[in-house]
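Work through the exercises below with the sequence and the model open beside you. Each task is followed by a solution that goes step by step.

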Amino acid sequence: MRVVHGLTWLLGCQLVGETLAHVTGAPVPGAVLGMVVLLAVLLVRRSDDTSAHAAADAMLPHLQLLFIVPGVGVVAYGSVIAADWLPIVVALVASWVLGLAAVGFSAQALTRWTERRGARGGAA
């Protein structure tokens, strides 16, 4: 029953995010807004309610199903991909490098912040 309750929370946050994106015309996808709403909900809710965690744990083994749709797209648009392979490869490599740099800088900043916080005796 916890999984069903958690899925309700997850889907509800997604629905709120999609609605916000549609109503406001925000240039951000509704799924991203839904994750922000989920973060806010998780910060506000009491910490002993782990139903969202139970739902996430139940879905994790089945994430490979999400690759079916992109796989079908690659097969269906194989000729387009073959014709424009160079820009696709450049975009993939550039986005990978930028993502790697963003994660690296974020990790360094968080490490420095954590060390400073630890040096102050854990006071926030």
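A residue is called buried under 20% relative accessible area, exposed over 50%, and partly exposed in between, with a 1.4 Å probe and protein chains only. The model is a predicted one, in which local features need pLDDT of at least 70 and side-chain atom pairs count only at pLDDT 80 or more, whereas totals for chains, interfaces and linings use all residues. Residues are numbered from 1 along each chain as its sequence is written, and side-chain values use heavy atoms, leaving out hydrogens and water.

**Exercise 1.** Classify Val 72 as buried or exposed, and state which helix holds Val 72.

Solution. Begin with the location: Val 72 belongs to helix 4, which spans residues 68-76, where helices (H or I, at least four residues) and strands (E, at least two) are DSSP runs, numbered from the N terminus. Then apply the cut-off: the relative accessibility of Val 72 is 52%, and therefore Val 72 counts as exposed.

**Exercise 2.** Which residues of helix 3 are buried, and against which helices do they pack?

Solution. In helix 3, residues 51-59, the buried residues are Ser 51, Ala 52, Ala 54 and Ala 55. They lie on the same side of helix 3, because the arc they cover around the axis is only 160°, the arc being that of the directions from the helix axis to the C-beta atoms. In general, an α-helix has 3.6 residues a turn, so residues three or four places apart point the same way. The partners of these buried residues are helix 1 (2-24) and helix 2 (30-44), packing being judged by contact, that is, heavy atoms within 4.5 Å.

**Exercise 3.** How many helices and strands does the protein chain have, and what share of its residues is buried?

Solution. Counting gives six helices and zero strands. Of the 124 residues in the protein chain, 12% are buried.
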